[in-house]
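Reader: I'd like to learn how to read salt bridges in a model like this one. Could you walk me through some cases?

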Amino acid sequence: MTQRLRSVPRTAWIAAGAVVLLLAPVAVAAWPSDRSGAPTAAWSAPDASRSQPPVVPLDGTSCAANAAGMAGFTPVAAVDVPARATGRPPAYVFDRTAAVARGFDRVGYCLELNGPAGPQWVWTAMEPFTTDARRLGLPTRAGQIVQQRVNDLEVATNVAGLPTGTGLAGYLEMWPNSYGPRGTGQISGTAPDRYDADDDVQLSRAYGSFQVHLVGGTRPADTSPQTVLAVNGFMSPSGPLALGIGPAPTGNPDWTFAANAGSLTQRRLTVYARPSVLTVTRHPADRQLFPRDAGNGAVVEVAGKFTDPRVTAVQLKVTSGADGWDYSAAASPGGTFSLRHRITAALREYRFELRVLGDGVARRVGRWDGVVAGDVYVIEGQSNAVAAMQHGSAAAEESPYLRSFGSPVVDGTRSAAARSWNYAVGDLTQQPGAVGQWGIRMAHRLSDTYQVPVAVINGAENGRPIGYFQRVDTRPNDLRTNYGRLRQRLTAAGVVRDVRGVLWYQGEADNDNAAAHVAGFTALLRDWRAELGGPDTRYYVFQVRTSPCGDGRAARLREAQRRMGDTLGVTVLSTNGLSGQDGCHFDWEHGYRELGDHAFAVLSRDLYRGPADGVAPPNPRSASFVDPGRTAVVVRLRDEDPLTVQPGVAADFRIEGSGVSVVDVTYRPGGQLVLTLSGPATGATGVSYLGHAGAGPCVVKASGVGLLTFQGLPIAAPD
């Protein structure tokens, strides 16, 4: 079950985040093809005549001469960026990371260039994205991946057209890896066929990106992103680097493949950090969702230690819309502080700002935006749990109040690097925030109906059998395992014991092996119940439409899944009745959209006291012959919701152990399906409903929920 990928023109090669002072040879992969299979373009010769943004005349030609915001910052590293890559990390001119070893509360970068357009400089500063000063410079080691929003961005420059100021929203793309243009879906106004402010990290360390972008404050946003600075290609095995300030005037906006370093006579990147006067040990993360408690809210704490004797007090300001709250604590030598605020689970975001007071140290030391309280769900399984876009987009379902944490990326190194809260996106896979199409539809309907933020953590992977998802008891956090990656994400997000529901969609790859599937899922469910959520966490199993893909007649595994509702205490959901199916996956319309609706309905019933009518899939309770001649069978269902029997559905029923066929199916009030047979069913052992792949007639409720597949239901004698 392979995700369909958009062809892209070529793939750049990327890594993320540490200052390397002791240089060692770095193994670099050969230039590969991009995901579309097209050869990656070779490096072109530097073009010294390439146009660049004009310079606005100012006094001085450097950050230090012009950027007032640099006050209080310490230069911790600098590199004279080489014109050409050698496959080794660039050497740093100096290392002063020890000066901020006790901590820093703000980081900054100065890029100074001189070339055809004359001297250019840009200064940008932001909240820290790491606590390790050694990770602030050019990223050169595996796993040094920074792919996240930053708040309170400051920009000063002499390049015309690039917005300047403070309190801006930014996005960082810093890594040693290769990368493609498809993007994560986190940044509005970007394109999937060009390199810009939102690209997707790939596995090999063979190019390198060090980029800061201006973006809209929320998603979706009205403002188009703009590159602030870019240093690209420093991990390439060979070829000219690409550098720029502001968006590139031609080619890719983020200067990828610009190959212009040879036209610049100065190429210095200096890394700065502002030493801390306070140690913050506990605080919310940007966009974090706190699981709501029984009081419909959550307590958010900001805590730390006083480390600078000049600090006299700390102040915490919490705002949400027009509402504001203020808290403070007096400083004591070597003492600690803890300030708490209770937020409400509603469609409102909170901002937390921490300031220190004192002679010469008064300033803001922390700001955390977009904090909410709400509900958490997990989606697991194979490709129909991944629920990638096949035909039709789910982008309209996205909302600032739908969140996710980390990335469902399969590679353990990149999974470990993805430790930020993101906006949930539905169409993409293997990207930060990816939750799948039916997952985002389900979350949107829950959030919209009950006015509460929702987080979905999707750990599903394409084409995997049941054994792939198991917990390795001796190493449950192993990032080489699916279980370990999901477990680590939930733990890092702080929600592992607060999952309200787990939704499982898997079985196609088990090739109708019911015994293996049941044994594997039983073990997995036991581990989930021991580690995820609490006693009230609910578990849901989608009965697959086919197993294997394309085979709509094999039914042993599907029958076993139907029985799990009775034997394992899970809730079984149907995938029958949806016409937008290609034999394995689903389109958006008449497919994943409706699956999201069905999941919403059952969660609404079970966890939000929503309506129950029409929610449960039709599920047989018993069967018996209607007459002594055994020419008709009545299948009694577990509820009495009215059903629609579409013409032609009789072909999906079987009378086992007999040569007769079902020629007609009618619904009888009271929850009964009457099957008319082609003749006396002598020797019959049971009745089955196999369903079918793709579009076709179904037995459905008014909600569109289809009759569960069942096999070998015993037929009793006439009443």
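Predicted model: local features only at pLDDT ≥ 70, side-chain atom pairs only at ≥ 80, totals over all residues.

Reader: Which residue does Asp-323 form a salt bridge with?

Author: The partner is Arg-348, and the closest N and O atoms are 2.7 Å apart. Asp-323 sits in strand β20 (residues 323–330), while Arg-348 is in the loop between β21 (336–344) and β22 (350–358), so the pair ties together parts 25 residues apart in sequence. Arg-348 is also partly exposed, at 25%.

Reader: What does Arg-292 pair with?

Author: Arg-292 forms a salt bridge with Asp-375, with 2.8 Å between the closest N and O atoms. Distant parts of the chain are linked here: Arg-292 is in the loop between β17 (289–291) and β18 (297–306), and Asp-375 is in strand β23 (residues 363–381), 83 residues apart.

Reader: And is Asp-375 buried or exposed?

Author: Its relative accessibility is 2%, so Asp-375 counts as buried. Arg-292, by contrast, is partly exposed, with a relative accessible area of 25%.

Reader: How many salt bridges are there in the whole structure?

Author: A search finds 42. Some residues are joined in a network of salt bridges, among them Arg-106, Asp-152, Arg-351 and Glu-353.

Technical notes: Residues numbered from 1 in each chain as written. Heavy atoms only, no water. Salt bridge = Lys/Arg side-chain N within 4 Å of Asp/Glu carboxyl O. Helix = DSSP H or I, 4+ residues; strand = E, 2+ residues; numbered from the N terminus. Buried < 20%, exposed > 50% of the residue type's maximum accessible area, 1.4 Å probe, protein only.
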